[in-house]
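Please read the following report with the sequence and the three-dimensional structure at hand.

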Amino acid sequence: MKSDIRCIPCLLRQAIAAMSLCKIDAKLQHEILDELYTLLQQGLSQDTPPAVAGLMYARLHECCQNQDPYQAIKQKSTQQVLAHYQTIQHFIEQANDSLRVATELAIAGNIIDYGVKHDVNVEQELQRIMKGVSAKTKHQFDFKRFTQELARAKTILYLGDNVGETVFDQLLLTEIKKLYPNKKIHYAVKAQPIINDALIDDAIAAGIDKLATIISSGSNAPGTVLSICNSKFLEKFSSADLVISKGQGNFEALWPVERPIFFLFTPKCEVVIQHHKNWEQGDIILYYAN
């Protein structure tokens, strides 16, 4: 998805949030923002928002001398969701269609995103997710096609997104494995710290390793930018029978698609919403693109 002029204020807000976490003084913040503004202007006309954001965060990490300013936040997010694991699991198991509810919850969990909301109250978001998940699936929820392709697939590539929602991914993968224990699943995470996106250790902390083989995509951007992904990931991306892509960043990076993909995410900005006339901010989207 091509970047838009409206991406600039969003990306600069992200930069300010990251610099605040690194405790950079105000004078240096102004100098860095001037540099980043020029970088963003040059990059936006040529690339996707995640690709441009990856360049921005690489420069920020140099300035901050902190490769993972969100590390403590990520750990806390996982702990907070895991504290409610049994409640969420029971909610899924008691549903008439546990796979559908697990899918809805995995998508709803995409709201735990520090790239969009810089002060996420995970406990509050969990309550909202549990109370209102089904009401937000009205606009695009290609669940019938999802179940058909899932039944046919022998190999699945699942593109992870944010820490915290990784626990919801684990619950969805648990339901898939209950139905299809012989499915071969790979779960892809980022190669280097980027906002609160999941790394290998974060996926393990959520229990993903018990259900899938965790791999690095090679991307250090907040989305699966294929041009910087490693060869092992690209082979899986090309050969997998089914690709499940979590998060708005992955949608931004991969649209328009090179192969059939199920996008699971909640739209969080006008730039993404304009791609489909019926989408609304906060919807729970399960979108099949081919």
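Pro256 is found in the loop between helix H12 (248–254) and strand S5 (261–265), where helices (H or I, at least four residues) and strands (E, at least two) are DSSP runs, numbered from the N terminus. The peptide bond that leads from Trp255 to Pro256 is cis, with omega near -5°. In general, most peptide bonds are trans, and most residues other than glycine have a negative phi.

The model is predicted, and for that reason local features need pLDDT of at least 70 and side-chain atom pairs count only at pLDDT 80 or more, whereas totals for chains, interfaces and linings use all residues. Residues are numbered from 1 along each chain as its sequence is written, and side-chain values use heavy atoms, with hydrogens and water left out.

Two residues other than glycine have a positive phi and can be described in turn. Lys23, with phi near 60°, lies in the loop between helix H1 (7–21) and helix H2, while Ile195, with phi near 50°, lies in the loop between strand S2 (184–189) and helix H10 (200–205).

The table lists the accessibility of these residues and of some others; buried means under 20% relative accessible area, exposed over 50%, and partly exposed in between (1.4 Å probe, protein chains only).

| Residue | Relative accessible area | Class |
|---|---|---|
| Lys23 | 74% | exposed |
| Thr38 | 40% | partly exposed |
| Leu99 | 7% | buried |
| Ile195 | 6% | buried |
| Thr266 | 3% | buried |

Thr38 is found in helix H2 (residues 26–44), and its C-alpha atom is separated by 36 Å from that of Leu157, which is 119 residues apart from Thr38 along the chain.

How do H6 and helix H9 (residues 165–179) pack, and at what angle? Their angle is about 160° and their axes are 8 Å apart, the axes being lines fitted to C-alpha atoms, for helices over the stretch in contact, and angles running from 0 to 180 degrees between N-to-C directions. H6 is therefore roughly antiparallel to H9, a term for angles over 145 degrees, while those under 35 count as roughly parallel, 65 to 115 as roughly perpendicular and the rest as oblique. Contact means heavy atoms within 4.5 Å, and on the side of H6 the residues that make it include Leu99, Ala102 and Leu105, while those of H9 include Phe168, Leu172 and Ile176. Leaving aside its neighbours within four places in sequence, Leu99 is in contact with residues including Phe143, Leu150, Leu172 and Ile176.

A nonpolar core is a set of buried Ala, Val, Leu, Ile, Met, Phe, Trp, Tyr and Cys residues joined through side-chain atoms within 4.5 Å. The largest one has 42 residues, and Leu172, Ile176 and Leu286 are among those with the most contacts inside it. Its largest share, 7 residues, comes from H6 (residues 98–108). Apart from this core lies another, of 25 residues, among them Ala17, Cys22, Met56 and Ile194.

Leu286, with neighbours within four places in sequence left aside, is in contact with residues including Thr103, Ile107, Phe141, Phe146 and Phe262. Thr266, which is found in the loop between S5 and helix H13 (270–273), is in contact, by the same rule about neighbours, with residues including Ile107, Asn110, Gln248 and Ile284.
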